[in-house]
Amino acid sequence: MLWGTLSWAALGPVVVVEQTMKAVNYLNIIAHRLHPYMAFIFPTGNGIFQQDNAPCHKARIVLEWFEEQTDEFHLMFWPPNSPDLNPMKHILDVMERQLRARTPPCPNISTSRYRCLDIWYNMSPVMYQNIMASMLF
């Protein structure tokens, strides 16, 4: 599984998650990967972070962590059952299509991981900005 973040300005970090995403794992990712990214992209502290309603996102320790960060960025309310409004779902769909189009097919998990990271870090800003813009209008 991949965890990643993006804004209009830039793709953020992407993390390969090799275990089941539990609240503690998720908290580690947002504290060590999301937090520095948000501080860089939104230095004035006016950023808003969107996540879906996955159980690990709604865990008490995670929500408490976000409450402690309100001076730096805010957590956006997210209605249940609204995956089409999440730009990350569309980005991952594009990545999956690009991965499947590459030849030869991935012979193993290691190659698949490498190709996913390569696709992420070489993604065109125009592509992800168009996806985000299509959701606004």
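In which kind of crossing, left-handed or right-handed, does helix 3 pass helix 4? In this predicted model, helix 3 passes helix 4 in a right-handed crossing. On the side of helix 3, the contact is formed by M88, I91, M95, Q98 and L99, and on the side of helix 4 by S112, R115, C116, I119 and W120. Sorted by class, this contact of helix 3 with helix 4 contains seven nonpolar, two polar and one charged residues.

Because its relative accessibility is 29%, C106 counts as partly exposed. Leaving aside residues up to four places away in sequence, C106 touches L99, T111, S112 and R115. Of these contacts, L99 is also among the residues by which helix 3 meets helix 4, and S112 and R115 are among those contributed by helix 4. C106 is 59 residues from G47 in sequence, and the C-alpha atoms of C106 and G47 are 37 Å apart in space.

Helix 3 has a further partner in helix 5, which spans residues 125–136; the axes of helix 3 and helix 5 come within 10 Å and cross at roughly 140 degrees. That angle makes helix 3 oblique to helix 5. Here too the crossing is right-handed, as helix 3 passes helix 5. Helix 3 supplies P87, H90, I91 and V94 to this contact, while helix 5 supplies M127, Y128, I131, M132 and M135. By class, the contact of helix 3 with helix 5 has eight nonpolar residues, one polar residue and no charged residues. I91 of helix 3 takes part in this contact and also in the contact with helix 4.

The account now turns to helix 1 and helix 2. These helices pack at an angle of about 25 degrees, with 9 Å between their axes. Since angles under 35 degrees count as roughly parallel, helix 1 is roughly parallel to helix 2. From helix 1, residues A23, V24, Y26, L27, I30, A31, L34 and H35 meet I61, V62, W65 and F66 of helix 2. The classes of the residues in this contact are 11 nonpolar, one polar and no charged.

What are the nonpolar cores of the model? The largest nonpolar core has 20 residues, of which W3, Y26, I30, L34, F49, V62 and F66 touch the most other members. Helix 1 (23–41) and helix 2 (60–68) are the elements that give two or more residues to this core, and helix 1 gives the most, with nine residues. A second, separate core of 16 residues includes I91, M127, I131 and M132, and these four residues also belong to the contact between helix 3 and helix 5.

Conventions: Residues numbered from 1 in each chain as written. Predicted model: local features only at pLDDT ≥ 70, side-chain atom pairs only at ≥ 80, totals over all residues. Heavy atoms only, no water. Core = buried A, V, L, I, M, F, W, Y, C linked by side-chain atoms within 4.5 Å. Buried < 20%, exposed > 50% of the residue type's maximum accessible area, 1.4 Å probe, protein only. Left-handed = near helix turned anticlockwise from the far one by under 90°. Contact = heavy atoms within 4.5 Å. Nonpolar A, V, L, I, M, F, W, Y, C, P; charged D, E, K, R; others polar. Axes fitted to C-alpha atoms, helices over the stretch in contact; angles between N-to-C directions. Parallel < 35°, antiparallel > 145°, perpendicular 65-115°, else oblique.
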